[in-house]
Structures are given as structure tokens and as C-alpha cells.
Amino acid sequence: MDRVRANIQRIGDMDVKNAGPLVDSLMSSFNTRIAKLQELVIAWKMYQLVVSLICRQCDAAVKAMEQQIQAIKDRLNEETEAIPKAIFGFHFSSRSS
């Protein structure tokens, strides 16, 4: 950036006829800067895509785990409900013998 400012200052101090090479240098500096900014924008967009993809994958994994936990809870509830029935059936069958 200092190079750009120095070139602008030199152009202001020079005669218009001699300013050509400095203007070319200034344009080259700006073009380099613009190219770097474009690269940064592309990198930022790629970063956002990667983060978005990772978040979607994490969300899918969490949903899968939630479904597994719900299945375990449902199975435990079934087992818990079956225990009194089994005990009642055991007591009923032992009394009738």
C-alpha cells in the first residue's frame, strides 16, 4: 500500500508526459491487490461451504443418535411394562399349582 501512495505522490509531482511508467506501476499494484482480494473472497466462500457441510453432517449424526436413543427408551419402556405382567403371571401360576 505504501508503494501505491508513493507512486501517487510521484505522479502528482511529475509532468504528465513522464507519468506513464508510474501510472503503469500503479495500475499493476491495484491489479495485484484486486487479485489478492478476489482470492480471499473465493477462500471465504469455500470456508463457508465447508463449515455448512460439516454442520449438516453433524446435524444428521445427532438426529441419528436421537433416533437410536428414542429406540432404546421405547425398548426400556416395553421391558418395564412387561415386568409387572411377568410377576403377576408368575404369582398367578404358582397359586394355581
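A disulfide is counted here when a pair of cysteine sulfur atoms lies within 2.5 Å. In general terms, a disulfide is a covalent bond between the sulfur atoms of two cysteines. By that cut-off the structure above holds 0 disulfides.

Before going further, a word on where the values come from. This is a predicted model, in which local features need pLDDT of at least 70 and side-chain atom pairs count only at pLDDT 80 or more, while totals for chains, interfaces and linings use all residues. Residues are numbered from 1 along each chain as its sequence is written, and side-chain values use heavy atoms, with hydrogens and water left out.

**Cysteines**

Cys55 is partly exposed at 47% relative accessibility, and Cys58 is partly exposed at 46%. For these labels, buried means under 20% relative accessible area, exposed means over 50%, and partly exposed is in between (1.4 Å probe, protein chains only).

**Overall picture**

The protein has 2 helices and 0 strands; both are DSSP runs numbered from the N terminus, helices being H or I with at least four residues and strands being E with at least two. How many of the 97 residues count as buried? The share is 6%. The protein exposes about 8700 Å², and 64% of this comes from carbon and sulfur atoms. Such areas come from the Shrake-Rupley method with a 1.4 Å probe, and for residues only the protein chains shown count as cover.

A salt bridge here is a side-chain nitrogen of Lys or Arg within 4 Å of a carboxyl oxygen of Asp or Glu.

| Pair | N to O distance |
|---|---|
| Lys63 and Asp59 | 3.3 Å |
| Glu78 and Arg75 | 3.5 Å |
| Glu79 and Arg75 | 2.8 Å |

Let us take Lys63 and Asp59 to begin with. They are 4 residues apart in helix 2 (residues 20–96), so about one helical turn separates them. Lys63 is partly exposed at 45% relative accessibility, and Asp59 is partly exposed with a relative accessible area of 37%.

Arg75 takes part in a salt bridge with Glu78 and in another with Glu79. Glu78 and Arg75 are 3 residues apart in helix 2, which places them about one helical turn from each other. Glu79 and Arg75 are 4 residues apart in that helix, and about one helical turn separates them. Through shared partners, these salt bridges join Arg75, Glu78 and Glu79 into one network. Its members are partly exposed: Arg75 has a relative accessible area of 48%, Glu78 has 46% and Glu79 has 37%.

**A nonpolar patch**

Which residues make the nonpolar surface patch of about 330 Å²? Ile42, Met46 and Leu49 do. Patches are made of residues with over 30% relative accessible area and no salt bridge, where like charges are joined within 9 Å and nonpolar side chains (Val, Leu, Ile, Met, Phe, Trp, Tyr) within 5 Å. Met46, one of the patch residues, sits in helix 2. Met46 is partly exposed, its relative accessible area being 48%.
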